[in-house]
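Please look through the structure below before reading on.

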Amino acid sequence: MGNVNRGPVQQLAQVGAVHGDVHFHGAPVQESGAVPGQLPAAPSHFVDRDEAQACLDAAWASRRGDRAVWVVISGPSGVGKSALGAYWSYRVIKDFEHGQVYFDFGRRRRGLDEAVEWCLRSLGVGGERIPLDLDDKIALLRSEARGRRLLFFFDNVADLRKVAELLPASGDSLVLCTSHDDAAELAPDGARAIRLRELEPDDAVEFLRSELGERVDTEPDAARELAALCGNLPIALHVVVGLLSSHPKWRIGRAVRELSDQHRRRSRLTKVFSALDVAVGYLEPGQRELYVLLGCFPGAAFGAGAVAALAGLTDADAEIRLEQLHRTCLVEENDQEQYRFHDLVREHAVEAAGRELDADTRDYALRGLVEWYRRQGAYADRKVTEPSRLRVSDDEVTGENPFTREEALEWLERERTNLIAMVRVAAEHDWHSAVISLCEGPLWALHNQHKHYSETLRAFETAVASARAEQNGVAEARMRSLRSQLLVECGHVDEALDESSRAVEVAERAGHRRVLASALEFHGKALHARGAFAEAIGFFERSRRLNEELGRPRGVALQEYLIGKALCGAGRYGEALAVLEAALEGIAQFPEDRRTPARIRVAAARAHQGLGQHEVAIELLEAAISATRERQASFDLAEPLVLLADALAACGRDGSRECLEEALAIYEQAHSPKADDVRHKLTE
C-alpha cells in the first residue's frame with residue numbers, strides 16, 4: 001500500500017525507520033462542531049462562599065455583547081479556589097450551550113501557547129489548521145469563539161495578564177480563572193477580582209459535619225478546635241476528614257491531639273505545606289527572602305515600616321514587596337494598613353526561617369526590628385503623654401516627630417500586641433535596655449489611655465527582671481513603681497504595697513531623687529487604695545517636697561492633686577478643694593498635659609458631692625467627661641461617669657442609668673474589679 005494515508009486519523013506519524021520508542025502526546029481531539037464538557041467534578045460537599053458566589057452571579061449578569069466576562073478567583077493555597085470555580089460553573093452550566101473548556105496552568109507550569117492550542121483542539125479545530133505562531137493561534141481562537149456561548153475555566157494561572165489576550169470578543173462567553181495572584185490591579189482590563197479567605201469557623205465545622213456526621217455533633221467543641229488547627233482551610237479540612245475516615249474508631253479529640261503537636265501536624269498536613277512550597281517556589285528572589293524573614297516576625301500583623309526595619313529595606317521597597325506577597329495571596333491585608341499571615345502560612349514561613357536563616361542573621365534582623373519599635377514608641381509616647389515626664393531610659397528622640405497626637409494613639413493601639421511581642425523578644429536576647437524603654441515608654445503611654453492589664457502586667461514584670469539583670473537600681477525602682485500602679489488598678493493592693501515599698505527602698509539606695517519622688521508617690525497611691533489616707537498623704541507630702549527641691553512644678557502639682565484626693569477619702573472636703581484649686585493652677589503651666597486637669601476636676605467634683613453640692617459637681621464632671629472624650633481615653637471616662645450618675649440621682653435628674661451602663665461597659669472591657677461595684681449600683 002505504501003506510505004500513504006487515505007482516511008481520517010487522530011494521530012499520525014509518517015517515518016521511514018523507527019529507532020527507540022514512539023510516544024504520542026495530544027490535546028483532546030474533537031470532531032468539528034462537538035461541544036466540549038471538560039469541567040472537573042464538582043465538590044461533593046460545599047459550604048460557605050455565599051458572598052463569593054453572589055459576586056460571580058453579579059459579574060455574569062453584567063455581561064454585554066462586545067466582550068467576554070472575565071472573573072479571577074484568588075487566594076492562598078488550599079483555600080478552595082478551584083472548588084468554588086467548579087461548584088459555581090455547574091450552577092450556571094446551562095448558560096454555556098456550546099461547551100466548557102478546562103485548562104490547568106499549574107500542571108508542569110504550562111504556558112500560554114499550550115493553553116491556546118488546548119482550547120482550539122477542544123473546540124474542534126484540527127491540528128492541520130493550528131498555526132505555529134502564538135499570535136496567530138490567539139487570533140484563530142477568537143474567531144472560533146465568536147458567536148458561541150462558552151465557558152473557559154483556567155485553573156492555577158501564574159500570569160493573569162497573558163490571559164487577557166485570550167478574551168473572546170463576545171459577551172456570551174465567560175473566562176473564569178483561579179490564581180495565587182490578586183487581580184485587583186487588572187480591573188482596568190476588565191477583570192472582576194474575587195479574593196477568598198479561609199472559611200468562617202461555623203462553616204468550617206459545618207464542612208466537617210457534612211463529611212463526619214454525628215461524630216461532630218458528639219464532640220462539637222473538639223470539632224471547632226480541630227477546624228481552628230486546620231486554619232479553617234478547606235484543603236486541610238479535607239486531609240483531617242480523610243484521617244478520621246480511615247480511623248473510624250478515633251474520637252475527634254484524638255485528631256486534635258495529633259494536630260496540636262507541631263511535628264505531627266506537619267506530617268499530617270503534608271499536602272497543605274507542599275502546596276505552600278510550590279507557591280513560595282514561584283516567588284522572585286527578593287520576595288522569597290522577605291517571606292522567609294517574615295517567619296521571624298514575632299507579632300500578629302506587620303506594617304511596611306516594621307518590615308523595612310526587619311529586612312534592612314527602605315519603607316518604599318518594603319511596601320512594594322509586601323504588595324507583591326499580597327498579590328500572590330501569601331499575606332492578607334487588614335483594615336489598618338498592615339499585613340498578616342494565615343496561621344498555616346505563618347507556620348510554613350516560620351519553618352522556612354528556621355531552616356534557612358542562621359542565628360546571626362536572625363538576631364540581626366530582630367535587633368533592627370526591636371530598635372525600630374523602640375524609636376517609634378518613643379515618638380508616640382511623647383505625643384500622647386507629657387514630654388517632660390519622668391523617663392529613666394536613655395532614648396534620645398531627635399528630629400521631627402512623625403506623629404500627631406491622634407496618630408500616635410492610633411499607632412499605639414494598633415501596635416499593642418507587637419509592642420508586647422518586642423518586649424518578649426528583647427528579654428529572650430538579653431536586650432534589657434530595650435525591655436525597659438518599651439515598657440516605660442509606649443506601653444505606659446498606652447496604659448494611661450486604654451487598659452490592657454494582663455499583658456501589661458507581665459511586660460512590667462519582665463522589665464523589673466531586666467533592670468535587676470543590668471543592676472540598674474534607678475530603672476528597677478521605676479519599673480516597680482509603675483507595676484505597683486497596675487496592681488492597684490487590678491485590686492491587688494497587698495502586692496502593690498509590697499512592690500511600691502521595694503521601689504522606695506531601691507530608689508533610696510540608688511540615690512536618684514527624682515526617681516525617689518516618683519516611688520514615694522506610687523507607694524502613697526497604694527496606701528490610698530488600702531484606705532490609709534493619712535499615711536498616703538504623708539508620702540505625697542514627701543514627694544511634693546522633693547519635687548520642689550528639684551524645681552519641678554509639674555511634679556508639685558501632681559502631688560497636690562493626689563493630696564486632694566486623699567483628703568476627700570478622709571472626708572476633709574473643704575481642705576481638699578483648696579489643695580485641688582492649687583493643683584489646677586499649677587498644672588495650667590503645662591498645656592500639653594491634657595489628662596491631669598480633667599482628673600483634678602473629677603477629684604474636685606467628688607469633694608463637692610461630699611459637701612452636698614451636687615449641681616456644682618455635675619458641672620465639673622460634664623466638663624471633665626467632655627475633655628476626656630476629646631482625648632479618646634476611654635478608661636478615664638468610667639470614674640466621672642459613675643460620679644455623674646450619683647450626682648444626677650441626688651438631684652432627681654434623668655440620665656443616671658445611662659452613665660452607669662457606659663461606665664460598666666468600660667470597666668468590663670478592661671477586666672477591672674470596679675465593674676462589680678457598678679453592677680451593684682445598677683441593681684439598686
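Predicted model: local features only at pLDDT ≥ 70, side-chain atom pairs only at ≥ 80, totals over all residues.

**Loops, helix pairs and cores**

Asp430 sits in the loop between α19 (416-428) and α20 (432-447). Most residues other than glycine have a negative phi. Asp430 is not a glycine, yet its phi is positive, at about 60°. Is Asp430 buried or exposed? Its relative accessibility is 53%, and exposed means over 50%, so Asp430 counts as exposed.

Gln471 lies between α21 (453-469) and α22 (473-489). Gln471 has a positive phi of about 55° although it is not a glycine. With a relative accessibility of 75%, Gln471 counts as exposed.

The next residue is in a helix. Ser484 belongs to helix α22. Because its relative accessibility is 0%, Ser484 counts as buried. Which residues does Ser484 touch, leaving out those up to four places away in sequence? They are Ala496, Glu499, Ser500 and Phe522. Ser484 can also be compared with Phe460: the two are 24 residues apart in sequence, and their C-alpha atoms are 9.6 Å apart in space.

Now turn to pairs of helices. Two packed helices are described by the angle between their axes and the distance between the axes. Take helix α25 (residues 533-549) and helix α26 (residues 553-569), which pack at an angle of about 165° with their axes 9 Å apart. Angles over 145 degrees count as roughly antiparallel, and α25 and α26 are therefore roughly antiparallel to each other. Their crossing is left-handed. On the α25 side, the residues that meet α26 are Phe533, Ile537, Phe540, Glu541, Ser543, Arg544, Asn547 and Glu548. On the α26 side they are Gly555, Val556, Gln559, Glu560, Leu562, Ile563, Ala566, Leu567 and Gly569. Sorted by class, the contact of α25 with α26 has 8 nonpolar, 5 polar and 4 charged residues.

Helix α26 also packs against helix α27 (residues 573-587), at an angle of about 160° and with the axes 8 Å apart. α26 and α27 are therefore roughly antiparallel to each other. The crossing of α26 past α27 is left-handed. From α26, the contact includes Arg554, Ala557, Tyr561 and Cys568. From α27, it includes Tyr573, Val579, Leu580 and Ile587. By class, the residues of the contact of α26 with α27 divide into 12 nonpolar, 2 polar and 4 charged.

Arg554 is found in helix α26. Is Arg554 buried or exposed? Buried means under 20% relative accessible area, and Arg554 has 15%, so it is buried. Not counting residues up to four places away in sequence, Arg554 touches Glu386, Ser388, Arg389, Ile587, Phe590, Asp593 and Thr596. Arg554 and Ala588 are 34 residues apart along the chain, and their C-alpha atoms are separated by 9.1 Å.

A further pair is formed by helix α28 (residues 596-610) and helix α29 (residues 614-631), which pack at an angle of about 160° with their axes 8 Å apart. That angle makes α28 roughly antiparallel to α29. α28 passes α29 in a left-handed crossing. The contact residues of α28 are Ala598, Arg601, Val602, Ala604, Ala605, His608 and Gln609. Those of α29 are His614, Val616, Ala617, Leu620, Leu621, Ala624 and Thr628. In the contact of α28 with α29, 9 residues are nonpolar, 4 are polar and 1 is charged.

The last topic is the nonpolar cores. How many residues does the largest nonpolar core have? It has 141, and those with the most contacts inside it are Tyr291, Leu294, Phe302, Leu330 and Tyr373. Helix α30 (residues 635-650) gives the most to this core, with 10 residues. A second, separate core has 52 residues, among them Leu199, Leu212, Ala223 and Ala227.

Tyr373, named above for its contacts in the largest core, can be examined in detail. Leaving out residues up to four places away in sequence, Tyr373 touches Phe297, Ala306, Trp411, Glu415, Asn418, Leu419, Met422 and Leu438.

Notes:
Residues numbered from 1 in each chain as written. Heavy atoms only, no water. Core = buried A, V, L, I, M, F, W, Y, C linked by side-chain atoms within 4.5 Å. Buried < 20%, exposed > 50% of the residue type's maximum accessible area, 1.4 Å probe, protein only. Helix = DSSP H or I, 4+ residues; strand = E, 2+ residues; numbered from the N terminus. Contact = heavy atoms within 4.5 Å. Axes fitted to C-alpha atoms, helices over the stretch in contact; angles between N-to-C directions. Parallel < 35°, antiparallel > 145°, perpendicular 65-115°, else oblique. Left-handed = near helix turned anticlockwise from the far one by under 90°. Nonpolar A, V, L, I, M, F, W, Y, C, P; charged D, E, K, R; others polar.
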